[in-house]
Amino acid sequence: MTMGGNDVGFTDIVVQCFVLRLGDPCRNALQGAIADIPAMKEQLVAGMTVIRSKMRPDAQFMLIGYPNLTRATTYGLLSTQGWYDVKADLAKLMSLGAQVQQEAVDAVNASSGKKSTYYISTVDEAYAGHEINQNNLLPNPNDWLWNVGETWVIPETYHPKPAGWAAAAQQVSAEYAKHPLKKTGKY
């Protein structure tokens, strides 16, 4: 499963930076998200701990990382302070988010005394070349994220299309293959 994006205001980032394309509100959303990263770790640990407590002892939990939201080489917006480099702050947020997700998984494993929770950090690599290019407003069938206006279900915007989910599923399968379940005979 994925966890953490909504805790740092994913919807606000999408709306301000990619739908409305407003420089100052986008900067506020991204910088606010970066500031919220430490709290996200606590929420991830708490959430995964609750989920793990309801799972069989031999079950595995896979936390899936997030894909990059843009493949544009540069992406910025005009703000009251001049040109705002959205891509730089987005890259910083993605990097910090991935680091905290891994730390949260490590904390859950440490507190349980066993390694049965895993972080899949390769989703962004799997999506490479299939992210949205914000400098081209036309929908691209090769994109694995729903672009603005491409779906009637507004909350799906900037969420994976079926090809994106399939890529994430392949990442989960590859990780699962590294850690086969030990059969306990208890079902």
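Predicted model: local features only at pLDDT ≥ 70, side-chain atom pairs only at ≥ 80, totals over all residues.
**Entry 1: Arg21**

I started just after H1, where Arg21 takes a positive phi of about 55°. I then looked up where Arg21 sits, and found it in the loop between H1 and H2. Is Arg21 buried, partly exposed or exposed? Its relative accessible area is 29%, so I logged Arg21 as partly exposed.

**Entry 2: Tyr158**

I looked for another positive phi and came to Tyr158. Its phi is near 65°, and Tyr158 is not a glycine either. I found Tyr158 in a loop too, between helix H4 (123-127) and helix H5 (162-178). Its relative accessibility is 3%. I count Tyr158 as buried, because the cut-off for buried is under 20%.

**Entry 3: H1 against H2**

H1 covers residues 10-19 and H2 covers residues 23-53. At what angle do H1 and H2 pack? I read about 150°, with the axes 8 Å apart. An angle over 145 degrees counts as roughly antiparallel, so I logged H1 and H2 as roughly antiparallel to each other. H1 passes H2 in a left-handed crossing.

I listed the residues that make this contact. From H1 they are Asp12, Ile13, Gln16 and Cys17. From H2 they are Pro25, Cys26, Ala29, Leu30 and Ala33. I sorted them by class and got seven nonpolar, one polar and one charged.

**Entry 4: the buried side of H1**

Which residues of H1 are buried? I found Phe10, Ile13, Val14, Gln16, Cys17 and Phe18. Ile13, Gln16 and Cys17 were already in my notes, as part of the contact with H2. I then asked what covers the buried residues of H1. The cover includes H2, S2 and helix H3 (86-112).

**Entry 5: H2 against H3**

The angle between H2 and H3 is about 15°, and their axes are 9 Å apart. That makes H2 roughly parallel to H3. The crossing of H2 and H3 is right-handed. By class, I noted 18 nonpolar, four polar and five charged residues in this contact.

**Entry 6: Leu96**

Which residues does Leu96 touch, leaving aside neighbours within four places in sequence? I found Ile34 and Ile37. I also checked Leu96 against Pro38. They are 58 residues apart in sequence, yet their C-alpha atoms are 9.3 Å apart in space.

**Entry 7: Thr70**

My last stop was Thr70, in the loop between strand S1 (61-64) and strand S2 (76-79). Is Thr70 buried or exposed? At 7% relative accessibility, I count Thr70 as buried.

I looked at what its side chain meets. A polar atom of the Thr70 side chain lies 3.0 Å from the backbone nitrogen of Ala72. The side chain of Thr70 also makes a polar contact with the side chain of Gln134, at 2.2 Å. Setting aside neighbours within four places in sequence, I listed the contacts of Thr70 as Lys87, Leu90, Glu131, Ile132 and Gln134.

Definitions and conventions:
Residues numbered from 1 in each chain as written. Heavy atoms only, no water. Helix = DSSP H or I, 4+ residues; strand = E, 2+ residues; numbered from the N terminus. Buried < 20%, exposed > 50% of the residue type's maximum accessible area, 1.4 Å probe, protein only. Polar contact = N/O pair within 3.5 Å; in protein donor to acceptor, adjacent residues only side chain to side chain. Contact = heavy atoms within 4.5 Å. Axes fitted to C-alpha atoms, helices over the stretch in contact; angles between N-to-C directions. Parallel < 35°, antiparallel > 145°, perpendicular 65-115°, else oblique. Left-handed = near helix turned anticlockwise from the far one by under 90°. Nonpolar A, V, L, I, M, F, W, Y, C, P; charged D, E, K, R; others polar.
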